[in-house]
Each structure stands twice: as structure tokens, then as C-alpha cells.
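Colleague: I would like to learn how to read a model of this kind, one feature at a time. Could we begin with the ligand and then turn to the helices and the backbone?

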Amino acid sequence: MDTAQASAVTTKTITFRIWRQDDPAKPGHFDEFKVPYAKGANVISCLMEIQRNPVTVEGKRVAPVIWDAACLEEVCGSCAMNINGRVRMACSALIDKLEQPITLEPMSKFPVVRDLTVNRDRMFDALKRIKGWVPIDGTHNLGPGPRQAPVDQSVMYVLSTCITCGSCLEACPQVTQENDFVGAAAISQARLFNMNPTGKMNSEERVRSLMGPGGIQDCGKAQNCVKVCPKEIPLVTSIAVMNREVTKLTIKDIFFQDEAPKGHGSGPG
Ligand code: SF4
Ligand code: FES
């Protein structure tokens, strides 16, 4: 490699357009940055580089960009953002596979906290709504627990890999910041806990929680969720399974109206 080639390699840069917003109530704008190219870099490593030297292409020193990340290996779910217009995990988004300039924007279905950080409370509220846990009584030794068929285990394992990233909600046309549709992740978690041999005891409660406003009936079957899920969870199948359960319970309620519990999800809207 001659000197000119070497200099071309060392001066190669990556251009980013990054959404800046100081506060949810304030208007936002884009800042453009250039960072030195590094082989194998991902979006988070470039954001770290920008954080070290937050100077825009116009030479203006600005506040460092704010974003969320923790595990850096697609486990915590906190780094979901729109990258070149598509929601994905910033920690696994390799620069070499992205067109430049690389545009980073916060997810639009969640309130912005600052820059690329959003408030994902609605994901956790949805898990509370569907009772996404197996209740146990006390801390005494419960023994080995019921046996599970390997065929169920293999389905449940995939469902259990949800990282609550919110990508499925971001891609869903039915989800807006103004409505309270629970979304694909929570519906899939209801399926997971209803498959658990102990969790089955509360299965009717979970199915009932998917009825009513913001429940499974709000799904428009666009199937975008399954295309963006970083864990490749079969979300459309989960929605179909839980839809069937909701229909069965609705029919049961029609015939046994006096026995149907009242409250959240007491009927399909
Ligand atoms: S179902 Fe997939 S896309 Fe949705 S929150 Fe879980 S991991 Fe993310
Ligand atoms: S940093 Fe945890 S999923 Fe990306």
C-alpha cells in the first residue's frame, strides 16, 4: 500500500445524522457528525466515539448524544432505535451493512426522553396487564415442579427470549402514542405464561386481560411485528393462538353470563 492509499484508509469516515431533542416538549432537529471508520464498528461504538468528541460537521461543539444501551449483545433490549428508517438494535447494527449517511432517530411510538432515549413504560404496563408471571405462594421449597413436554419446551424457549425492546410496537401501524394497544410482545408473553404448567392456573385471567379496549381485538394483522423482532419470535402465531383463546372465552361468557368476571377485559369491547 503506498502513502496515498494508506492516508485514504486512515481518513475514511462515517457520517451520521442524529435526532436531537432536549426535552419531550421541545421541537427536535438533526445534527450531523463524522467519526473515523473502524472495521467491525457498530452504531453504539460510533455513538461512543461521538460522545467523546461531540462536534458537528459544521465544527460546532454540542451536548453529547444521549441513548440507551446496557448489554451490547441483544439481550437487554434497551438500544432499539430507528436506523435508516427501520427499527433495530443499535448494538448489533454493523456500520459496514448500513448506507450512509446513517440516520438515527428515537422510536416514534414511545415518548422521547432525550435524543435517542425513549420511555418504554407502556411495554411494562402491558406485561402487568396480562399478568406476565407465574404466581408462587411464599418462598418455601416448591420441589421440582410439573414436567413439561419437550415439544412445549421448545416453543416456550423461543417465546421466553423476548427482550422487551419495543421493536414490534414501533413497527405496528395499530400502535400510536395516543392509544393503549398492548401490542404483540405482551400477547406473546400471555401465550408463554399460559403454556407454563403452573402458569396455566391463571390462564383465564390472562386471556381475559386481552379482551376489551387496547386488547387483542386492536391487532390489524399487518404482521410487521414478526418482521422486525430481533429474536425472531413467531409473534403472528402467538397472536393467532391467543385470538382463538379469546374467542373461546367470549363464547363461554355468552352462555355463562352470570359467571363471567367483571373489570378489565370483561368483554370484547
Ligand atoms: S417480541 Fe421481539 S420485537 Fe417485540 S419486544 Fe420482544 S424481542 Fe422485541
Ligand atoms: S445494548 Fe442491550 S440489546 Fe443492545
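Modeller: Ligand 1 sits in the largest cavity, and since we start from a predicted model, please keep that origin in mind throughout.

Colleague: Which residues surround ligand 1, and how many of the shell are nonpolar, polar or charged?

Modeller: The surroundings of ligand 1 include a run from Cys-162 through Ile-163, Thr-164, Cys-165, Gly-166 and Ser-167 to Cys-168, together with Met-123, Ala-185, Cys-229, Pro-230 and Leu-235. Sorted by class, this shell around ligand 1 holds 9 nonpolar and 3 polar residues, with no charged residues.

Colleague: At what angle do α4 and α6 pack, and how far apart are their axes?

Modeller: Helix α4 (residues 150-159) and α6 pack at an angle of about 145°, with 10 Å between their axes, and the crossing of α4 and α6 is left-handed. From α4 the contact draws on Asp-152, Val-155, Met-156 and Leu-159, while α6 supplies Ser-188, Gln-189, Arg-191, Leu-192 and Met-195. Its classes are 5 nonpolar, 2 polar and 2 charged residues. Ser-188 and Arg-191 of α6 take part in this contact and are also listed in the one with α9.

Colleague: Finally, what should I look for in the backbone?

Modeller: As a general rule, most residues other than glycine have a negative phi, and most peptide bonds are trans. Here, a cis peptide bond joins Gln-100 and Pro-101, with omega about -5°, and Pro-101 is placed in the loop between β4 (86-89) and β5 (102-105). Leu-72, although not a glycine, has a positive phi of about 60°, and Leu-72 lies in the loop between α2 (43-52) and β3 (80-83).

Conventions
Residues numbered from 1 in each chain as written. Chains lettered and ligands numbered in written order. Predicted model: local features only at pLDDT ≥ 70, side-chain atom pairs only at ≥ 80, totals over all residues. Heavy atoms only, no water. Contact = heavy atoms within 4.5 Å. Helix = DSSP H or I, 4+ residues; strand = E, 2+ residues; numbered from the N terminus. Near = heavy atom within 4 Å. 1 Å grid on protein atoms, 1.4 Å probe; cavity = no way out; pocket = protein on both sides within 12 Å on 5 of 7 lines; lining within 4 Å. Sits in = over half its atoms within 2 Å of the grid points. Nonpolar A, V, L, I, M, F, W, Y, C, P; charged D, E, K, R; others polar. Axes fitted to C-alpha atoms, helices over the stretch in contact; angles between N-to-C directions. Left-handed = near helix turned anticlockwise from the far one by under 90°.
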